[in-house]
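Biologist: Could you walk me through this protein, one question at a time? I'm new to reading structures, so please keep it friendly.

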Amino acid sequence: MKLSEIINIIESVFPTNLAYEWDNVGLLVGDRSRDIKKVFLTLDVTEKTAKEAIDAGADMILSHHPILFGGTKRITADNVAGRTLLLLIENRIAVYAAHTNCDVAEHGINANLAAMFSLSEIEPLEENGLGRVGILPSEMKFSDFCNLCKRLIDTPFVRVCGDTDIKVKKVAIGSGACADSVPFAIKKDADVMITADIKYHKALEISESGITVIDAGHFPTENNVTDIFARILKGFPIELIKSQGTDVFKLF
């Protein structure tokens, strides 16, 4: 397939106009007219995942997190981002990122998480489409819900702030760093919100706000994006390869 054809498929599900203004989505490296046979699916584009894509013989990387942010003025081997980009360019690997447009889209990361938890009566957490909130099939003890969370998103541990002596029925979800979305979860009367990257002082504030928040980690809450990408591109004449990358954080 032509790279342009693959881009059209991706953008039919994740329109670039859904992305936040500060974001950098779309084709970041590559020639739209090139033929693509193998697509490497990943959450992050790092030097390690770039080498993984090269070893797999990929022609294209489809990622959630963009490799280029801010005003990059030079690409050299003097830093990790530069070395990674040089590797990709030298090996003629295109890079496409679907980031915040994938977060808010109807069939994006947060919608997928809501489905994983079998939520019903699902609605966006925020007016712009970010996050989801819905009802569990049955009420659960908080400890049981934490175990469910760990199993579904494949993480060995979670951090919790707020009351852990509760029953859980209504759940809010904000993949990745969505601490700023907690007030929306409170307005929606959620018992629990699942997100990541909660800072200490924010946790202090949350603990007195009447909602319990589970910090399940950035990687675990967003790595399901490779499954989403695979579903979108399934059935087309290209080979799909999922990254074997793991969470940057390790538990000791």
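**Cysteines, a sheet and some charged pairs**

Modeller: Let's start with a cysteine: Cys102 is buried, with a relative accessible area of 0%. Keep in mind that this is a predicted model.

Biologist: Okay, how many disulfides does a search of the whole structure find?

Modeller: A disulfide is a covalent bond between the sulfur atoms of two cysteines. The search of the whole structure comes back with a count of 0.

Biologist: Which cysteine has the sulfur nearest to that of Cys102?

Modeller: Two sulfurs have to lie within 2.5 Å to count as a disulfide. For Cys102, which is in no disulfide, the nearest cysteine sulfur is 12 Å away, and it belongs to Cys178.

Biologist: And Cys161, how far is its sulfur from the closest cysteine sulfur?

Modeller: Cys161 counts as buried, at 12% relative accessibility. Its closest cysteine sulfur sits in Cys146, and that is too far for a bond, because the gap is 11 Å.

Biologist: Now the strands. What is the order of the open sheet of 5 strands?

Modeller: Strands of a sheet pair through backbone hydrogen bonds, either parallel or antiparallel. Here the pairing is mixed. Reading across the open sheet, the order is β1-β4-β3-β2-β11.

Biologist: Which strands stand at the edges?

Modeller: An edge strand here has a single partner strand, so one side of it is left without a neighbour in the sheet.

Biologist: How far apart are N and O in the salt bridge of Glu239 and Lys38?

Modeller: Side chains of opposite charge can pair when their charged atoms come close. Glu239 is partly exposed at 42% relative accessibility, and Lys38 is partly exposed too, at 26%. Their side chains meet in a salt bridge, with an N to O distance of 4.0 Å.

Biologist: Which residue meets Glu47 in a salt bridge?

Modeller: The N to O distance for this bridge is 3.5 Å. Glu47 is in helix α2 (residues 47–55), and its partner is 36 residues apart from it, in helix α3 (residues 80–90). The partner is partly exposed at 30%, and its name is Arg83.

Biologist: Last one: is Lys202 buried or exposed?

Modeller: Lys202 forms a salt bridge with Glu205, the closest N and O atoms being 3.5 Å apart. The two are 3 residues apart in helix α8 (residues 200–207), so about one helical turn separates them. The cut-off for buried is under 20% relative accessible area. Lys202 has 18% relative accessibility, so it counts as buried.

Definitions and conventions
Residues are numbered from 1 along each chain as its sequence is written. This is a predicted model: local features need pLDDT of at least 70, side-chain atom pairs count only at pLDDT 80 or more; totals for chains, interfaces and linings use all residues. Side-chain values use heavy atoms; hydrogens and water are left out. Buried means under 20% relative accessible area, exposed over 50%, partly exposed in between (1.4 Å probe, protein chains only). Helices (H or I, at least four residues) and strands (E, at least two) are DSSP runs, numbered from the N terminus. Two strands pair if DSSP finds at least two bridges between them.
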